[in-house]
Amino acid sequence: MKPLEPDEKSTTVMVYTQNMLARGEVVTKENARVSIWLRAQGTANYIHLHNPQVISFTSTPPKTISYEQLFIPTPQVVAFHIAPPAHDPLDYEENEANRMMQLTELLIGSFRIKAKFRVSTQTDLANSLEVMRVTWASIYDANISNPHLPQLAMQVPMMLINPAHVSIGLT
């Protein structure tokens, strides 16, 4: 990786596709909120990871691969978050009126994520999803697990998901 410019920073992130998990460094502007970076206008066509560790779920058992750099097509990304323990501030106001947290369970490939989805108190999750016109939605207090990787049990305060590629269950 080339040296960072004075206005850049490097952040460890985790990127999920339907058949892969990658953990690596992204370089962004110093003032960027990496946790919501994919929502920014002009998001790159590829997420450029430096020194990534990749777990591929296309074989049994899952295969681990390392690279110097990896370019993941942004349209293939299903979920994204800053690697714990680092985190950004949450992207909502706790005292916002007419909002509640709906407990959900999300399925992303072989990942199972128990999390909270922030929705209006005036409707339910089904209607919220139908009218949602976003590529990236936030979920909160995400507990991430995978039956193929029992050692990978993670809790993150916030992550982005692409609702068009995630199955959402209510428990």
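Mentor: This is a predicted model. Let us start with Glu8, which counts as buried because its relative accessibility is 17%, under the 20% cut-off.

Trainee: What does Glu8 form a salt bridge with?
Mentor: The partner of Glu8 is Lys2, and their closest N and O atoms are 3.8 Å apart.

Trainee: Is Lys2 buried or exposed?
Mentor: Lys2 is exposed, with 55% relative accessibility.

Trainee: How many salt bridges does a search of the whole structure find?
Mentor: The search finds seven. Another of them joins Lys29 and Asp7, with an N to O distance of 2.8 Å.

Trainee: Where do Lys29 and Asp7 lie?
Mentor: Lys29 is in strand 2, residues 20–29, whereas Asp7 is in the segment before strand 1 (8–17), so the pair ties together parts that are 22 residues apart in sequence. Lys29 is partly exposed at 45% relative accessible area, and Asp7 is partly exposed at 37%.

Trainee: Changing topic, how many aromatic pairs does a search of the whole structure find?
Mentor: That search gives four aromatic pairs. One of them is Trp37 with Phe80, a tilted pair at 6.0 Å centre to centre and 40 degrees between the planes. The pair links distant parts of the chain, 43 residues apart: Trp37 is in the loop between strand 2 and strand 3 (46–56), and Phe80 is in strand 6, residues 79–82.

Trainee: And how accessible are Trp37 and Phe80?
Mentor: Trp37 is partly exposed at 21% relative accessibility, while Phe80 is buried at 0%.

Trainee: What about Tyr92 and Tyr140?
Mentor: Tyr92 and Tyr140 form an edge-to-face pair, 4.8 Å centre to centre with 70 degrees between the planes. Tyr92 sits in the loop between strand 6 and strand 7 (99–108) and Tyr140 in strand 9, residues 137–145; the two are 48 residues apart. Both Tyr92 and Tyr140 are buried.

Trainee: Which residues form one aromatic cluster?
Mentor: Tyr16, Phe57 and Phe111 make up that cluster.

Notes. Residues are numbered from 1 along each chain as its sequence is written. This is a predicted model: local features need pLDDT of at least 70, side-chain atom pairs count only at pLDDT 80 or more; totals for chains, interfaces and linings use all residues. Side-chain values use heavy atoms; hydrogens and water are left out. A salt bridge is a side-chain nitrogen of Lys or Arg within 4 Å of a carboxyl oxygen of Asp or Glu. Buried means under 20% relative accessible area, exposed over 50%, partly exposed in between (1.4 Å probe, protein chains only). Helices (H or I, at least four residues) and strands (E, at least two) are DSSP runs, numbered from the N terminus. Rings of Phe, Tyr and Trp (its six-membered ring) pair if their centres lie within 6.5 Å; planes under 30 degrees apart count as stacked, over 60 as edge-to-face and the rest as tilted.
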